[in-house]
Amino acid sequence: MAWNSGGLRGGTLEELINLTNEGYRAKGLAVVQKIPTPITPVKLDSESHTITLAYFEQKSTVDYIGAAQGLPICFDAKQTGRKSLPIQNIHEHQIQFMREFENQKGVAFLLVHFTEPDQYFMLPYGTLVRFWDAARRGGRKSIPFDDFDQRLRIYNKDGFYIHYLEAINTYFDIK
């Protein structure tokens, strides 16, 4: 299935990941679920019944969690229009959860979309935490596009919009 990035202009990163996950599940490759962030509505639009103001009940962990071929995986999806990923977009409770997940022999990572040049990457927890720790010690406050490992670039392939399982396989090959 061919796809060009202009074909789904209205599609968000989350929608593309969800479609990919549905495809993985249908083909028996993985079962990965979006973790909803619990909110408490404060204000509702009476006509449209839409929540117009809410607050988060608790800190979320990561966006997605599941298993692929028996391997526990968790990841958070991040998108940036800059030439780097701001560290401030990653929260301490997410780093802590990913650390605990990896300590339990799972694989934790960020799935990062750079809107320009419209490229997706897997950023493994080990790499992420090095940048996170350096930023906390006063270093650079973002991860430059050029520091993302091209071998972990994620492509549209085999009918999957964001075929991140290939990046996970590559990660184990280079680890």
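## Terms and basis of the model

Contact, the sense in which one element is said here to cover or touch another, means heavy atoms within 4.5 Å. Helices (H or I, at least four residues) and strands (E, at least two) are DSSP runs, and they are numbered from the N terminus. A residue is called buried under 20% relative accessible area, exposed over 50%, and partly exposed in between (1.4 Å probe, protein chains only).

The structure is a predicted model, in which local features need pLDDT of at least 70 and side-chain atom pairs count only at pLDDT 80 or more, while totals for chains, interfaces and linings use all residues. Residues are numbered from 1 along each chain as its sequence is written, and side-chain values use heavy atoms, with hydrogens and water left out.

## The sheet

An open sheet of 6 strands, with mixed pairing, has the order S1-S4-S5-S7-S8-S10, where two strands pair if DSSP finds at least two bridges between them. Strand S1 (30-34) and strand S10 (153-154) each have a single partner strand, so these two stand at the edges and one side of each is left without a neighbour in the sheet.

Within this order, S4 and S5 pair in the antiparallel sense over 5 bridges, and Ala67 stands opposite Pro72 in S5. S5 and S7, by contrast, run parallel and are joined by 8 bridges, with Gln79 opposite His113 in S7. S7 and S8 run antiparallel and are joined by 6 bridges; here the bridge partner of Leu110 is Leu123 in S8.

## The enclosed strand S7

Of the residues of S7, 8 of the 8 are buried, so this strand is largely enclosed by the rest of the structure. Val107, Phe109, Leu111 and His113 point one way from S7, whereas Ala108, Leu110, Val112 and Phe114 point the other way, and all of them are buried.

Helix H2 (residues 92-103) has 12 residues and reaches 17 Å from its first C-alpha to its last, which is close to the 16 Å expected at 1.5 Å a residue; the expected span is 1.5 Å times one less than the number of residues. The buried residues of H2 are Gln94, Ile95, Met98 and Phe101. Seen down the axis of H2, they fall within an arc of 125 degrees, so they line one face of the helix, the arc being that of the directions from the helix axis to the C-beta atoms. Their cover includes strand S4 (64-68), strand S5 (71-80), strand S7 (107-114) and helix H3 (125-136).

H3 also has 12 residues, and it reaches 16 Å from its first C-alpha to its last, close to the 16 Å expected at 1.5 Å a residue. In H3, the residues Tyr125, Thr127, Leu128, Val129, Phe131, Trp132 and Ala135 are buried, and what covers them includes H2, S7, S8 and strand S9 (142-144). H3 lies across S7 and strand S8 (119-124), running at about 85 degrees to S8; axes are lines fitted to C-alpha atoms, for helices over the stretch in contact, and angles run from 0 to 180 degrees between N-to-C directions.

## Helix H4

In helix H4 (residues 164-174), the buried residues are Tyr164, Leu165, Ala167, Ile168 and Tyr171. They cover an arc of only 155 degrees around the axis, which puts them on the same side of H4.

## Thr80 in strand S5

Thr80 has its place in strand S5 and is buried, with a relative accessible area of 5%. Its side chain reaches the backbone nitrogen of Arg82 at 3.1 Å and the backbone oxygen of Ser84 at 3.1 Å. Such a polar contact is a pair of N or O atoms within 3.5 Å; within protein, one must be able to donate a hydrogen and the other to accept it, and residues adjacent in sequence count only if both atoms are side-chain atoms. Not counting residues up to four places away in sequence, Thr80 touches Leu85, Pro86, His113, Phe114 and Thr115.

## Backbone features in the loops

Most residues other than glycine have a negative phi, and most peptide bonds are trans. Gln69, in the loop between S4 and S5, has a positive phi of about 55 degrees although it is not a glycine, and this residue is exposed, with a relative accessible area of 61%.

Asp118 lies in the loop between S7 and S8, has a positive phi of about 55 degrees although it is not a glycine, and is partly exposed, with a relative accessible area of 26%. Pro117 is placed in the loop between S7 and S8, and a cis peptide bond, with omega about 25 degrees, joins Glu116 and Pro117.
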